[in-house]
Amino acid sequence: MFSYFRISAAIPGFFISSWLLMLLWGVIASRLQLSVTLSYVNAMLVNFTLWLAVAPLTAVGKSNRCNK
């Protein structure tokens with residue numbers, strides 16, 4: 001039952017982190033010397049890709065902690 005609420009709590013976090021990525025992209029791009037702008041939709045795609053890469057790592061980390 002609690003996992004349902006965790007998923008529901010992650011949804012606003014996804015949109016907020018995408019919004020923050022879009023806002024901070026100017027700072028990131030200037031440090032990397034890129035002149036590419038990032039729209040909110042593209043920020044969502046980047047954020048989704050990062051979440052897909054990190055989610056299995058966190059699941060493995062949690063399962064290893066439980067087995068010890």
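Modeller: Buried means under 20% relative accessible area, exposed means over 50%, and partly exposed lies in between, taken with a 1.4 Å probe and protein chains only. This is a predicted model, in which local features need pLDDT of at least 70 and side-chain atom pairs count only at pLDDT 80 or more, while totals for chains, interfaces and linings use all residues. Residues are numbered from 1 along each chain as its sequence is written, and side-chain values use heavy atoms, with hydrogens and water left out.

Biologist: Is Leu34 buried or partly exposed?

Modeller: Leu34 has a relative accessible area of 41%, so it is partly exposed. Leu34 sits in the loop between helix H1 (2–31) and H2, helices being DSSP runs of H or I with at least four residues, numbered from the N terminus.

Biologist: Which class does Asn47 fall into, and why?

Modeller: Asn47 counts as buried because its relative accessibility is 6%. Asn47 belongs to helix H2 (residues 40–67), and, neighbours within four places in sequence aside, Asn47 is in contact (heavy atoms within 4.5 Å) with Phe14, Ser17, Ser18 and Leu21.

Biologist: Which residues form the largest nonpolar core?

Modeller: A nonpolar core is a set of buried Ala, Val, Leu, Ile, Met, Phe, Trp, Tyr and Cys residues joined through side-chain atoms within 4.5 Å. Here the largest has 5 residues, namely Leu21, Trp25, Ala29, Leu38 and Ala43, and H1 gives the most to this core, with 3 residues. Across the protein chain, buried residues make up 12% of the 68 residues.

Terms used. Helix = DSSP H or I, 4+ residues; strand = E, 2+ residues; numbered from the N terminus.
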